[in-house]
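The following paragraphs lead through one protein model, from a single side chain to the overall fold. Please keep the sequence and the coordinates in view while reading.

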Amino acid sequence: MLLPNSDVDWDLVISYDVHMTVSLSHILGAHVTITDRKVALEFLKSNVQANLPPHIQPKAVVKELTWGQNLGSYSPGEFDLILGADIIYLEETFADLLQTLEYLSSNRSVILLACRIRYERDNNFLAMLERPFTVSKVHYDPAKDVHIYKAQKRNQREDL
Ligand SMILES: C[S@@+](CC[C@H](N)C(=O)[O-])C[C@H]1O[C@@H](n2cnc3c(N)ncnc32)[C@H](O)[C@@H]1O
């Protein structure tokens, strides 16, 4: 897959894609933080319990994250890899989502966002993302009409 350096102790946060979590945990021995809004957490926990093999469950933490809120409960730049599946769809959350991605990532972090571009506003988010991050399209699945974008923080010297 697209992941550099599998011998590091990866931390990752995703917006709830349990199957991807299982695969990555297997491959990388990662410590995984799986997040969603408070209202979705109980469902998320039961999903994790139902899908993760028992020996991986201790490495997977389910934790509340509402984009843009209470970010202090996470450390800045805490995550090496951030995965988001189908999280670009609510325009009113775009600024908060961007702020969250900026807060949780460091200069070393890789962000992978899988999404379908349904409306022009989805492209607007990608344009917003390009201000603090270098963004490239790394995969397109025409059968599912799903794109995967990779984002990495811009090197500040790039902007001088
Ligand atoms: C379309 S679902 C995608 C769920 C899952 N990643 C998937 O691919 O099936 C969007 C997810 O984003 C979460 N979400 C929406 N607004 C959010 C917000 N403001 N903060 C955090 N998560 C949010 C929803 O609770 C939901 O889990």
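Thr100 counts as buried because its relative accessibility is 2%, where buried stands for under 20% relative accessible area, exposed for over 50% and partly exposed for the range in between (1.4 Å probe, protein chains only). The model is a predicted one, in which local features need pLDDT of at least 70 and side-chain atom pairs count only at pLDDT 80 or more, while totals for chains, interfaces and linings use all residues. Residues are numbered from 1 along each chain as its sequence is written, and side-chain values use heavy atoms, with hydrogens and water left out.

Thr100 belongs to helix H3; helices (H or I, at least four residues) and strands (E, at least two) are DSSP runs numbered from the N terminus. Its side chain reaches the backbone nitrogen of Gly68 at 2.8 Å. Contact means heavy atoms within 4.5 Å. Not counting residues up to four places away in sequence, Thr100 touches Leu65, Trp67, Gly68 and Leu71.

Gln99 also lies in H3, which spans residues 94–104. Gln99 is partly exposed, with a relative accessible area of 40%. With residues up to four places away in sequence again left out, Gln99 touches Gly68 and Leu71. The C-alpha atoms of Gln99 and Trp67 are separated by 7.7 Å, although the two residues are 32 apart along the chain.

The view can now widen to the nonpolar cores. A nonpolar core is a set of buried Ala, Val, Leu, Ile, Met, Phe, Trp, Tyr and Cys residues joined through side-chain atoms within 4.5 Å. The largest has 24 residues, and those with the most contacts inside it are Ile88, Leu101, Ile111, Leu113, Phe125, Leu129 and Phe133. At least two residues of this core come from each of strand S4 (79–85), H3, strand S5 (105–115), helix H4 (120–129), strand S6 (133–141) and strand S7 (146–153). H3 gives the most to this core, with five residues. Apart from this core lies another, of nine residues, among them Ile34, Leu44, Leu52 and Ile56. As for Ile88, its contacts beyond four places in sequence are Phe94, Leu113, Cys115, Asp122, Phe125 and Leu126.

Helix H2 (residues 41–51) has Leu41, Leu44, Asn47 and Val48 as its buried residues. They lie on the same side of H2, because they cover an arc of only 120° around the axis, the arc being that of the directions from the helix axis to the C-beta atoms. An α-helix has 3.6 residues a turn, so residues three or four places apart point the same way. On the other side of H2, Glu42, Phe43, Gln49 and Ala50 are exposed.

Aromatic rings follow. Rings of Phe, Tyr and Trp (its six-membered ring) pair if their centres lie within 6.5 Å; planes under 30 degrees apart count as stacked, over 60 as edge-to-face and the rest as tilted. By this rule there are two aromatic pairs. Tyr74 and Phe79 have ring centres 6.1 Å apart and planes at 55°, so the pair is tilted. Both Tyr74 and Phe79 are buried.

Finally, the protein as a whole has four helices and seven strands. From the N terminus on, its elements run β-α-β-α-β-β-α-β-α-β-β. Of its 160 residues, 41% count as buried. Among contacts between residues at least 6 apart in sequence, 65% join residues at least 24 apart.

Key: Polar contact = N/O pair within 3.5 Å; in protein donor to acceptor, adjacent residues only side chain to side chain.
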